[in-house]
Amino acid sequence: MTDLLVRFARDRAALLAACVVAGLTLAAASAQLLWPLDPEAVGGPPLLRPLVDPAHPLGTDRLGRDVLARLLHGARLSLTVAFAAAGAATVLGSAVGLAAGLAGGRIDELLMRITDAFQTVPGFLLALAFVSVLGPEARSVVLAIAASAWTGPARLVRAEIASLAGRDFVLAAVVAGLPRLDIALRVLLPNALPPVVAFAATNVASAVLIEAALSFLGLADPNRASWGAMIAEGRAVLVSEPWLSILPGLALLLTVLAVNLVGEGLNEALAPRRARP
Amino acid sequence: MSPPERSFVRGPAWLLVRRRLAQAPLVLLFVLVGAFLLLEAAPGDAVDAYVASLGGDAGFVRELRERWGLDRSAPTRFLLYLAGLATGDLGWSVAFDRPVLAVIAERLPVTLALAGGATLFAFALGTGLGILAGARPQGPLDRILSAAALVLNATPSFWLGLLLALLFAVRLRWLPLAGIETIGAGYSGLVRLLDLARHLVLPVLTLGLVYAALYLRLMRAGMVEAWRSDFVRAARAKGISRRRLVLRHVARNALLPVVTMLGLQSATLVGGSVVVESVFAVPGLGRLAAEAVTQRDFPLLLGILIVSALLVLLVNLLVDLLYARIDPRVELGARTP
């Protein structure tokens, strides 16, 4: 584990990205402390430009709501939804992959065809369908994203189990008479997890983008500040006041970029034998 | 001696094609059952939505429920739906008050043009720049291209679309801002086609750029890998020109993962077209899906889910065939005299 961290920290881009993600998370979590303005309250004149009024450093939107406060609260929603969705997808996917890899035969075949089916329906369309059925709350958005994101971890864990099955330490556990469930959860799963963890970062990044796209289309909770909805709201005044759409877009870009770089760093750190070019 | 003839029947990838074909019906059945069950869980049925948007009294509601078979049990309705599907009947669109298939058929060509154009653009740009980047890994050009791809890969497509629209349609006025054709212009023939193409430029760029970044990164990564392999070292030792080495040996092998990704991305491409079509008001399947959701038109949404799943299956099969064609590995054991 320390080995892994040392290898990860050697990659300067990944380290910097990890700091950005940590900073964003911290800022999102302490939004009220950091910038106590209410993101929903009309607190100033409408369409105030950024860097004009120190009371609203990033300006105000069409209704006179503080853009900085909305960005911070948008970060909170975005990160909460993304981490929850990626977490749910990783747990569910790992369970399916573990079951398929261990059971083999017909059950494996059945589970993999279900996985195929979920991968065949475009993920964003599936998310749309889920949100339209479950409603626009953040909870349904999490489920909607996880509904298509679990297939990646499922395939990864299944493949890992298949490659681990014949290894000596697994055979030793079998010979030692460990119960099957213990072998599955204590021997196989921990060894299958590293690539899944790296993949989870990819899922977080795409979850951020899906959440933003859903709220951009007006399909997420309209009462909570979110980056996608901010971009959509800014569209009405895009020509005269483009920063209203540009700022939340930059926030999205920075977040996704940082999360992607962390994922890549993890991947490299986990596969040290594949030397960097 | 003539070189061994390459017929794709011999490649190991051909086995994959056959397996995929055998699995497709079961996968499709799961898609049907899953989509049906999901939309079954929605509050209210199609009749509620229909009456909510178009009005009607209790007698009409009862009659409509009977006509659409909504008074039967869920399993019966699923079987009826399957039977309808076999004859090309996808049900009745509540929001459009027309058959679902007719509505989809009207919107599908636009999305196919958009997604196809975006794929071609992304593939050409991505592999082209990827070859430039991968020709000299860690060189100055590679650093610039790789960084640009990294940023583009993290860019939300709908935001990129707005920025492109702001620049090219509003400020520079080079391209139309939205829609699919100039309304009321009454163009026909070639002029109309050009008009359509002009309207599709920005949506295609928006959707394609993100994938171009992905293909660039894949192509480059594949080439970095190939530079280290034995056959490239051997080719180098033979003293062939660098240009030939890069194109014939290194890039060729890096192309395979890109082709695989082409198939894998077909599903996300359809998903991505939802937002891009909404940004540019393109009347395609993606925007139709968003409309179906906001108008709670579940029969239409079900139809879109199924048609897009069929499309994805088909594209993946085609990509597998293409892969089998260009896969340089030849299964010698399978060769029959």
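Modeller: One term before we start: helices here are DSSP runs of H or I with at least four residues, strands are E runs of at least two, and both are numbered from the N terminus. Also keep in mind that this is a predicted model.

Biologist: Fine. How many helices and strands are there in chain A?
Modeller: Chain A has 12 helices and 0 strands. Read from the N terminus, its elements go α-α-α-α-α-α-α-α-α-α-α-α.

Biologist: And chain B, how many helices and strands there?
Modeller: Chain B has 12 helices and 2 strands. From the N terminus the order is α-α-α-α-β-β-α-α-α-α-α-α-α-α.

Biologist: How much of each chain counts as buried?
Modeller: In chain A, 47% of the 277 residues count as buried. In chain B, the share is 38% of 337 residues.

Biologist: What about contacts between residues at least 24 apart in sequence?
Modeller: Take the contacts between residues at least 6 apart in sequence. In chain A, 69% of those join residues at least 24 apart, and in chain B the figure is 75%.

Biologist: Let's switch to where the chains meet. How many residues of chain A are in contact with chain B?
Modeller: On the chain A side there are 34, in contact with 44 residues of chain B. The elements of chain A that give two or more residues to that side are H5, H6, H10, H11 (227–235) and H12 (243–270).

Biologist: How does that side of chain A divide into nonpolar, polar and charged?
Modeller: You get 24 nonpolar, 7 polar and 3 charged residues.

Biologist: And which residues have the most contacts inside the largest nonpolar core?
Modeller: Leu125(A) and Ala127(A), in a core of 166 residues. The element that gives the most to this core is H10(A), with 18 residues.

Biologist: What is Leu125(A) in contact with, leaving aside its neighbours within four places in sequence?
Modeller: Residues of chain B: Val270(B), Gly271(B), Val274(B), Ala289(B), Ile304(B), Leu305(B) and Ser308(B).

Biologist: Back to H10(A). How do the axes of H4(A) and H10(A) cross?
Modeller: They cross at roughly 145° and come within 7 Å. The crossing is right-handed.

Biologist: Which residues meet there, in H4(A) and H10(A)?
Modeller: From H4(A), the residues include Val81(A), Phe83(A), Leu98(A) and Leu102(A), and from H10(A) they include Leu189(A), Val196(A), Asn203(A) and Glu211(A). The residues of the contact divide into 16 nonpolar, 4 polar and 1 charged.

Biologist: Now H7(A). Why is it largely enclosed by the rest of the structure?
Modeller: Because 9 of its 12 residues are buried. Among them are Val141(A), Val142(A), Ile145(A) and Ser148(A).

Biologist: What covers the buried residues of H7(A)?
Modeller: The cover includes H4 (67–103), H5 (105–120), H6 (123–134), H8 (151–164) and H10 (180–216) of chain A.

Biologist: What should H7(A) span, and how far apart are its ends?
Modeller: H7 of chain A covers residues 138–149, and at 1.5 Å a residue those 12 residues should span 16 Å. The end C-alpha atoms are 16 Å apart, which agrees.

Biologist: What is Asp66(A) in contact with, leaving aside its neighbours within four places in sequence?
Modeller: Leu37(A), Pro39(A), Gly43(A), Gly44(A), His56(A) and Thr60(A).

Biologist: Last topic, phi. What is phi of Leu51(A)?
Modeller: Near 60°, a positive value in a residue other than glycine. Leu51(A) is in the loop between H3 and H4 of chain A, and is exposed, with 10 other C-beta atoms within 10 Å.

Biologist: And what is phi of Arg173(B)?
Modeller: Near 60° for Arg173(B), a positive value again in a residue other than glycine. Arg173(B) is in the loop between H7 (157–171) and H8 (189–227) of chain B. With 9 C-beta neighbours inside 10 Å, Arg173(B) counts as exposed.

Conventions: Residues numbered from 1 in each chain as written. Chains lettered and ligands numbered in written order. Predicted model: local features only at pLDDT ≥ 70, side-chain atom pairs only at ≥ 80, totals over all residues. Expected span 1.5 Å × (residues − 1). Buried ≥ 20, exposed ≤ 12 C-beta atoms within 10 Å, placed from the backbone. Contact = placed C-beta atoms within 7 Å. Nonpolar A, V, L, I, M, F, W, Y, C, P; charged D, E, K, R; others polar. Core = buried A, V, L, I, M, F, W, Y, C linked by C-beta atoms within 7 Å. Axes fitted to C-alpha atoms, helices over the stretch in contact; angles between N-to-C directions. Left-handed = near helix turned anticlockwise from the far one by under 90°.
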